[in-house]
Structure formats: structure tokens, C-alpha cells
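Please read it beside the model.

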Amino acid sequence: MKSQKETAAVESAEATAIAILGWLAGEPELLSRFLSLTGVLPSDVRHAMDDPGFRAGLVDFLMAHEPTLLDFCAATGTQPETVVAAHAVLSGPHGDIDF
């Protein structure tokens, strides 16, 4: 059973992934690139959010390109450390989740 701290960390990480998707929705070029990289169709995004690998992929997408990460942080008022923490939680200690 997960501790309250672990549960809170997962909930925060998932909220960050949702915020990233919301931001990407307003950035058509980036959203198109992300969906192209994942192979997810725009019509399937809602269902893809149920997949832990997809949520991890959202965070990984930002982590892979610092200017995009900083744009997201500036636009949403999110600290970069929050994204880094979400990445650690969603990707696991060794980044072994399949995207």
C-alpha cells in the first residue's frame, strides 16, 4: 500500500501531466509533434491519458527540450522543479516505463 506521501507525489505528478497536455493544446505545432512522436491520434488523447506511459511521455517531452520546458513553466507559473519531480515519479527510478 502506498503511503500518503507517495500518493500525494503521484497525484501531483499526474496533475502536472494534465497541465502539460492542456498547455500543449494551445500550442498546435508542439502538440502535433508530440502526437506524432507517440503515434497517438488526436481523437484518442482522452483515452491515452489513462495510460501511465502516455502521462510519463508528456513530461518526458518537456524534459527533452529545455526551451519548451521553460516556455511551459513561464506560461503556467509552474516551477521547473515541479516538472522534474513529476518526471521522476511518472518515469520511475530508472525511466523504465514504455511510451
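1. Leaving aside neighbours within four places in sequence, Thr68 is in contact (heavy atoms within 4.5 Å) with Trp23, Leu30 and Leu62. Thr68 lies in helix α5, residues 66-76; helices here are DSSP runs of H or I with at least four residues, numbered from the N terminus. Thr68 is buried, at a relative accessible area of 7%, where buried means under 20%, exposed over 50% and partly exposed in between, with a 1.4 Å probe and protein chains only.

2. On provenance, this is a predicted model, in which local features need pLDDT of at least 70 and side-chain atom pairs count only at pLDDT 80 or more, while totals for chains, interfaces and linings use all residues. Residues are numbered from 1 along each chain as its sequence is written, and side-chain values use heavy atoms, with hydrogens and water left out.

3. Helices α1 and α5 pack at an angle of about 95°, and their axes are 11 Å apart. Axes are lines fitted to C-alpha atoms, for helices over the stretch in contact, and angles run from 0 to 180 degrees between N-to-C directions. The two helices, α1 and α5, are therefore roughly perpendicular to each other; angles under 35 degrees count as roughly parallel, over 145 as roughly antiparallel, 65 to 115 as roughly perpendicular and the rest as oblique. On the α1 side the contact is made by Ala19, Ile20 and Trp23, and on the α5 side by Thr68, Asp71, Phe72, Ala75 and Thr76. These residues divide into five nonpolar, two polar and one charged, where Ala, Val, Leu, Ile, Met, Phe, Trp, Tyr, Cys and Pro count as nonpolar, Asp, Glu, Lys and Arg as charged, and the others, Gly among them, as polar.

4. Helix α2 (residues 28-38) packs against helix α4 (residues 52-63) at an angle of about 130°, with axes 11 Å apart. Helices α2 and α4 are therefore oblique to each other. The crossing of α2 and α4 is right-handed; a crossing is right-handed if the near helix is turned clockwise from the far one by less than a right angle, and left-handed if anticlockwise. From α2, Leu30, Arg33, Phe34, Leu37 and Thr38 meet Phe54, Gly57, Leu58 and Phe61 of α4. By class, this contact has six nonpolar, two polar and one charged residue.

5. Helix α4 also packs with helix α6 (residues 80-91), at an angle of about 140° and with axes 9 Å apart. That angle makes α4 oblique to α6. Their crossing is left-handed. The contact draws on Arg55, Ala56, Val59, Asp60, Leu62 and Met63 of α4, together with Val83, Val84, Ala86, His87, Leu90 and Ser91 of α6. It comprises eight nonpolar, two polar and two charged residues.

6. Which residue forms a salt bridge with Glu14? The partner is Arg55, and the closest N and O atoms are 3.3 Å apart; a salt bridge is a side-chain nitrogen of Lys or Arg within 4 Å of a carboxyl oxygen of Asp or Glu. The structure holds one salt bridge. This pair links distant parts of the chain, with Arg55 in helix α4 and Glu14 in helix α1 (residues 4-25), 41 residues apart. Arg55 counts as buried at 12% relative accessibility, whereas Glu14 is partly exposed at 26%.

7. Not counting residues up to four places away in sequence, Arg55 touches Glu14, Ala17, Met49, Asp50 and Leu90. The C-alpha atoms of Arg55 and Leu21 are separated by 8.9 Å, although these residues are 34 residues apart along the chain.
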